[in-house]
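Take a look at the model below.

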Amino acid sequence: MKILRACWYEFKLAILRSIRYRVGFVSDILIFSVVFFIILFANAGQGLSLAYNAAESDAKVIVLIGYIFWLFSSTALGDSSNAISNEATAGTLETKLLGAVPVPALLLARLAAGLIYAMVSMTCVLLLAGIFGWLQGVRAFALILALLVYIPSIFGMFGIGLILGGISLHHKRVGMLTFLFQVGLLLLTDVLSTNFPVSKYIVPYASGMDIARNLYMQNTVMPLDLILYFMINAFWFLLGYEAFSLLLSSAKKRGTLANY
């Protein structure tokens, strides 16, 4: 009960913090819109439409699913890794470490707020796209069901974020490393093309993205693909938790937590 209460307060604080920074909210919408519209105008995803037997009217939706999966994954990665660095810089990490609630649980609560923030931002982007007629013919209900496939990816990407956050305890700010990782995920997974099929066996959200696209196109989804998807995300979550615990323990022994 104590853990749930602490997580709720952390979640509420993150939501209030996001509401206060309205300029950041508007700028995020603009950035998401610009990137999404560039992708549309560049006719990205022609190879994807062939891979999923998608008609021309569905090609944009195939790209959109990949973009949303990448966007939420970038949020999950960035929020969990940067939060650790920010807490350490502000001097509040040590206080939280002394509490009875595990820090990863608090970070997961903060991540939930970040994903809601990203969801609202993405909804605004989709509304803009709809107003300009760029999403005509989209089967909204089928798209929502397909996007729900993303949920397990939250935990896998959170695990990777914990690893980067743990590294920041030793090497301080890892913002640029996180940014490069996010860009790499966009370029080296099948968000915009079908050139990196091996990513489905490595990156937490990649196989889920493939499943979501097949569900939207009403293609067959093999049970083995679903099992693999859950296993990959469970692996990264457990690995991230263990790696963060080891890196945190090492930072305590070396006395580097207070060196911000």
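How many nonpolar, polar and charged residues does the lining of the largest pocket have? By class, that lining has 15 nonpolar, 12 polar and five charged residues. Here Ala, Val, Leu, Ile, Met, Phe, Trp, Tyr, Cys and Pro count as nonpolar, Asp, Glu, Lys and Arg as charged, and the others, Gly among them, as polar.

This is a predicted model, in which local features need pLDDT of at least 70, side-chain atom pairs count only at pLDDT 80 or more, and totals for chains, interfaces and linings use all residues. Residues are numbered from 1 along each chain as its sequence is written, and side-chain values use heavy atoms, without hydrogens and water.

The largest pocket has a volume of about 1000 Å³. A pocket is an open set of points on a 1 Å grid over the protein atoms alone, with protein on both sides within 12 Å along at least five of seven lines; a cavity is a set where a 1.4 Å probe fits but cannot get out; lining residues have an atom within 4 Å of a point. Volume is the space filled by probe spheres set on the points, which are joined across faces, edges and corners. Of the 32 lining residues, D28, T75, G78, D79 and Y117 are the closest to the centre. Helix 4 gives the largest share, 12 residues. Helices are DSSP runs (H or I, at least four residues), numbered from the N terminus.

The second largest pocket has a volume of about 630 Å³. Its lining divides into 23 nonpolar, one polar and no charged residues. Helix 6 supplies the largest share, 10 residues.

The structure also holds one cavity of 30 Å³ or more. The largest cavity has a volume of about 60 Å³. Its lining has six nonpolar, no polar and four charged residues. Helix 6 again leads, with four residues, the largest share.

Now the packing. Helix 6 and helix 8 pack at about 120°, with axes 11 Å apart. Axes are lines fitted to C-alpha atoms, for helices over the stretch in contact, and angles run from 0 to 180 degrees between N-to-C directions. The angle makes helix 6 oblique to helix 8. Angles under 35 degrees count as roughly parallel, over 145 as roughly antiparallel, 65 to 115 as roughly perpendicular and the rest as oblique. P104, L107, L108, L111 and L115 in helix 6 meet I154, F155, F158 and L162 in helix 8, where meeting is contact of heavy atoms within 4.5 Å.

Key: Helix = DSSP H or I, 4+ residues; strand = E, 2+ residues; numbered from the N terminus.
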